Structure formats: structure tokens, C-alpha cells
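Work through the exercises below with the sequence and the 3D view open. Try each task before you read its solution.

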Amino acid sequence: ERYFKERKIPFQRIDLPRYGMGRRELETVLRAVGDLEALLDPRHPDAALVRYLSREEDKLEKLLENPALFKTPIVRNGRQATVGYCPEVWKGWA
């Protein structure tokens with residue numbers, strides 16, 4: 001958060017542990033990053049299970065049920081979004 005505040009870059013932080021993520025917000029982030037795999041934390045023990053699911057809808061449901069499966073941080077700036085540490089993208093938001 002300090003990174004964005006110091007550079008006066010507008011952003012929206014998604015507090016996954018506290019509030020999770022709604023379906024619409026997940027769909028917005030997914031459109032911005034382009035790939036469900038980019039949202040999935042590969043270090044989470046259940047990541048392989050999510051990859052194993054055949055239907056995209058089932059994968060989305062699993063992510064919504066367990067926010068710990070998301071790779072973080074997830075940062076939004078309007079319709080743009082990043083997953084993980086992406087300072088090269090964030091600089092362009094200034």
C-alpha cells in the first residue's frame with residue numbers, strides 16, 4: 001500500500017483473508033490477467049486439485065470457496081489488475 005500511496009497511484013486492495021472475493025470481482029480480475037492459472041498460488045497444497053478440475057466454472061467456485069488459493073497481492077486499478085508482485089506494471093498506472 002505504501003508503494004502506491006507514495007507514488008500517488010490509485011489502487012484498490014483486495015483483503016482476501018477478511019472478505020474473500022465476490023464472483024463479479026473475480027471475473028473482472030480474471031479478464032484483466034487473462035488466465036485462471038495466474039490467479040492460483042502454486043505453493044498452496046490444494047493448487048494441484050484446482051488444476052485437476054476439468055470445468056472452468058468448478059475452478060472458479062473452488063477459488064471463491066477458499067481465498068487462500070489466490071496468489072497475492074491482487075491489486076486493481078479500475079479495469080486493470082495484477083496478481084503477484086508487478087512493479088513494472090504499477091509504474092504505468094501513475
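**Exercise 1. Find what helix α3 lies across, and give its angle to β3.**

Solution. Start with helix α3, residues 23-33. Helices here are DSSP runs of H or I with at least four residues, strands are runs of E with at least two, and both are numbered from the N terminus. Helix α3 lies across β1, β2 and β3. Its direction is about 85° to β3. Axes are lines fitted to C-alpha atoms, for helices over the stretch in contact (heavy atoms within 4.5 Å), and angles run from 0 to 180 degrees between N-to-C directions.

A note on the model: it is predicted, so local features need pLDDT of at least 70 and side-chain atom pairs pLDDT 80 or more, while totals for chains, interfaces and linings use all residues. Residues are numbered from 1 along each chain as its sequence is written, and side-chain values use heavy atoms, without hydrogens and water.

**Exercise 2. Give the strand order of the sheet and name its edge strands.**

Solution. Strands of a sheet pair through backbone hydrogen bonds, either parallel or antiparallel. Two strands count as paired if DSSP finds at least two bridges between them. This open sheet has 3 strands in the order β1-β2-β3, with antiparallel pairing. Gln 12 has Arg 76 in β2 as its bridge partner.

**Exercise 3. Which residues of α3 are buried, and what covers them?**

Solution. Buried means under 20% relative accessible area, exposed over 50%, partly exposed in between (1.4 Å probe, protein chains only). In α3, Glu 25, Leu 26, Thr 28, Val 29 and Leu 30 are buried. Their cover includes β1, α4, α6, β2 and β3. Then step past the helix: just after α3, Gly 34 has a positive phi of about 85°.

**Exercise 4. Describe the largest nonpolar core.**

Solution. A nonpolar core is a set of buried Ala, Val, Leu, Ile, Met, Phe, Trp, Tyr and Cys residues joined through side-chain atoms within 4.5 Å. The largest one has 18 residues. Met 21, Val 29, Leu 39, Phe 70 and Ile 74 have the most contacts inside it. Helix α3 gives the most to this core, with 3 residues. Next, follow Phe 70. Leaving aside neighbours within four places in sequence, Phe 70 touches Leu 16, Met 21, Leu 26, Leu 39, Asp 41 and Leu 63.
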